[in-house]
Amino acid sequence: MKTLTERIQTARKQAGLSQADVAKALRISASAVNQWEQGFSKNIKLEHFFALASLLRQDPQWLATGTVFPYVRHTQATPPKLDDPPLTSEEKALLHQVRQMPSRLRKVLLRFLRGLSDVCVAPDKPGR
């Protein structure tokens with residue numbers, strides 16, 4: 001992706017968010033997000049840019065330039081893969097609900113889902 005506008009739009013769509021979702025999360029107008037994606041806004045405030053990168057779970061360096069430099073920690077988000085299937089409406093609904101939860105509740109839910117996955121996927125073990 002050659003432009004910032006393409007990277008923002010692709011990362012937003014991969015995250016399963018609408019422009020309105022991004023605007024609400026960043027406490028800005030939906031038209032501002034639209035202007036970023038259309039290339040009409042030449043300057044994005046740094047506070048909004050870094051909040052956007054965090055919301056989209058993207059490395060700010062990649063979002064800004066399209067490249068990730070070697071010194072960037074490996075634990076940071078990677079650019080979206082274009083071959084990833086788009087989120088289903090159920091996945092978008094789940095993601096929306098999870099994002100509305102307090103951090104503590106999200107952690108509890110994640111532990112529950114991992115445990116549920118272990119039970120549903122793993123073959124029955126003796127002693128269960």
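Predicted model: local features only at pLDDT ≥ 70, side-chain atom pairs only at ≥ 80, totals over all residues.
## Packing of H2 and H4

Helix H2, which covers residues 19-26, packs with helix H4, residues 46-55, at an angle of about 120 degrees, and the axes of the two helices are 10 Å apart. H2 and H4 are therefore oblique to each other, and their crossing is right-handed.

On the side of H2 the contact is made by Val22, Ala25 and Leu26, while H4 contributes His48, Ala51, Leu52 and Leu55. Sorted by type, the residues of this contact are six nonpolar and one polar, with no charged residue among them.

## The nonpolar core

The largest nonpolar core has 19 residues, and those with the most contacts inside it are Val22, Ile28, Trp36, Leu52 and Leu63. Two or more residues of this core are given by each of helix H1 (4-14), H2, helix H3 (30-38), H4 and helix H5 (60-65), and the largest share, four residues, comes from H4. In soluble globular proteins, nonpolar side chains tend to be buried together.

Ile28, one of the core residues with the most contacts, is in contact with Ala23, Val33, Trp36 and His48 when its neighbours within four places in sequence are left aside.

## Glu47 on helix H4

Glu47 has its place in helix H4, and this residue is exposed because its relative accessible area is 58%, where exposed means over 50%. Although Glu47 and Leu26 are 21 residues apart in sequence, their C-alpha atoms are 9.4 Å apart in space.

Notes:
Residues numbered from 1 in each chain as written. Heavy atoms only, no water. Axes fitted to C-alpha atoms, helices over the stretch in contact; angles between N-to-C directions. Parallel < 35°, antiparallel > 145°, perpendicular 65-115°, else oblique. Left-handed = near helix turned anticlockwise from the far one by under 90°. Contact = heavy atoms within 4.5 Å. Nonpolar A, V, L, I, M, F, W, Y, C, P; charged D, E, K, R; others polar. Core = buried A, V, L, I, M, F, W, Y, C linked by side-chain atoms within 4.5 Å. Buried < 20%, exposed > 50% of the residue type's maximum accessible area, 1.4 Å probe, protein only.
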